[in-house]
Amino acid sequence: MLLEGRSSTVSYVAIIGNGPQELMPDLSGYEAIIDVWIGADRGSLTLVENNITLDYAVGDFDSMRATEKNIVQSQADVFEQHPSEKNQTDLEIALEKAYALNPEKIYLFGVTGGRLDHSLINIQLLYSIMGRGIQGFIVDGQNQLTLSEPGRHKICHDKNYSHISFIPYTRYVTGLTLEGFYYPLAEETISWGSTRCISNKLISDFGTFSYKEGILLVIKSRDV
């Protein structure tokens, strides 16, 4: 379902979760590229508080007071409340809503920090997103994460996240080559537990990384 008046082409969707507010990036910097904003549970209130259009609000809303829920319900173009006892997390429900829009990219905000089990499973959701043929990103105030598949990829300098790390998501990543980086690499195999590709930097506006087999977790980050 598309919102009334919404273009049938949706390129970028953003989902806001319940993560700590102190880890939330400046969402206003993404308003120019995001086509649809989805609030998962209390993430809906975050969008309202940031004066960003709340296209969809989904979840059980058990983390909100009645007055807060009423505010969200009045501001959301689409409001869907689900039972508190369910087989999916609020974030998974929001993802299903995003998948129905068939976007090119999905950004996840407010899904890190707090309980480590939640952060880890949310990072694994990037794999589910990639399986749909969609590029997924997790963004907080200090990090930007995405998964990549074998091939040659261009990566651009981002002044907000200047450190770049490549972490094996599969047991092995073979033939990894880094070009345009302070620490270059040529046809290397890296495995779980390797720190070989942590905290690199680009030496110009962009660089490339390529590899033959495996899946890489690519993390852009910055110091506090």
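Which residues does Ile129 touch, not counting residues up to four places away in sequence? Select Ile129 and show its contacts: they are Leu95, Tyr99, Ile106, Leu108, Ile134, Gln135 and Gly136. Keep in mind that this is a predicted model.

**The whole chain**

Zoom out. The chain has 4 helices and 13 strands. Its C-alpha atoms fill a box of roughly 55 × 35 × 35 Å along the principal axes. Among contacts with a separation of 6 or more, 60% are between residues 24 or more positions apart. The accessible surface comes to about 11700 Å², and carbon and sulfur atoms account for 47% of that.

**The nonpolar cores**

Now select Ile15, Ile38, Leu95, Ile106, Leu108 and Ile129. In the largest nonpolar core, which has 31 residues, these six touch the most other members. Strands 1, 2, 3, 5, 7 and 13 each give two or more residues to this core, as do helix 3 and helix 4. Helix 3 provides the largest share, 6 residues. Apart from this core lies another, of 23 residues, and to find it select Leu45, Val48, Ala57 and Ala76, which are among its members. In soluble globular proteins, nonpolar side chains tend to be buried together.

**Helix 3**

Select residues 90-100. Helix 3 is largely enclosed by the rest of the structure, because 8 of its 11 residues are buried. Those residues are Asp90, Leu91, Ile93, Ala94, Leu95, Lys97, Ala98 and Tyr99. Show what surrounds them: they pack against strands 1, 2, 3, 4 and 5, and against helix 4 (116-131). After the helix comes Asn102, which has a positive phi, near 55 degrees.

**Salt bridges**

Side chains of opposite charge can pair when their charged atoms come close. The chain has 8 salt bridges.

Stay on helix 3 and select Lys97 with Glu80. They form a salt bridge, with the closest N and O atoms 2.7 Å apart. Lys97 is in helix 3 and Glu80 in strand 4, so the pair ties together parts 17 residues apart in sequence. Lys97 is buried, at 18% relative accessible area, while Glu80 is partly exposed, at 23%.

Next select Glu68 and Arg42, another salt bridge, whose closest N and O atoms are 3.0 Å apart. Glu68 lies in helix 2 (residues 66-75) and Arg42 in the loop between strand 2 and helix 1, 26 residues apart. Glu68 counts as buried at 9% relative accessibility, and Arg42 as partly exposed at 29%.

Then go to Arg115 and Asp117, where the closest N and O atoms of the salt bridge are 2.6 Å apart. Arg115 is exposed, at 51% relative accessibility, and Asp117 is partly exposed, at 39%.

**The surface and the chain end**

Tyr182 sits in the loop between strand 10 and strand 11 and is exposed, at 56% relative accessibility.

Finally, select Val224, in the segment after strand 13. Is Val224 buried or exposed? Val224 is exposed, with a relative accessible area of 96%. Its C-alpha atom is separated from that of Ile106 by 25 Å.

Technical notes: Residues are numbered from 1 along each chain as its sequence is written. This is a predicted model: local features need pLDDT of at least 70, side-chain atom pairs count only at pLDDT 80 or more; totals for chains, interfaces and linings use all residues. Side-chain values use heavy atoms; hydrogens and water are left out. Buried means under 20% relative accessible area, exposed over 50%, partly exposed in between (1.4 Å probe, protein chains only). Contact means heavy atoms within 4.5 Å. Accessible areas come from the Shrake-Rupley method with a 1.4 Å probe; for residues, only the protein chains shown count as cover. A nonpolar core is a set of buried Ala, Val, Leu, Ile, Met, Phe, Trp, Tyr and Cys residues joined through side-chain atoms within 4.5 Å. A salt bridge is a side-chain nitrogen of Lys or Arg within 4 Å of a carboxyl oxygen of Asp or Glu.
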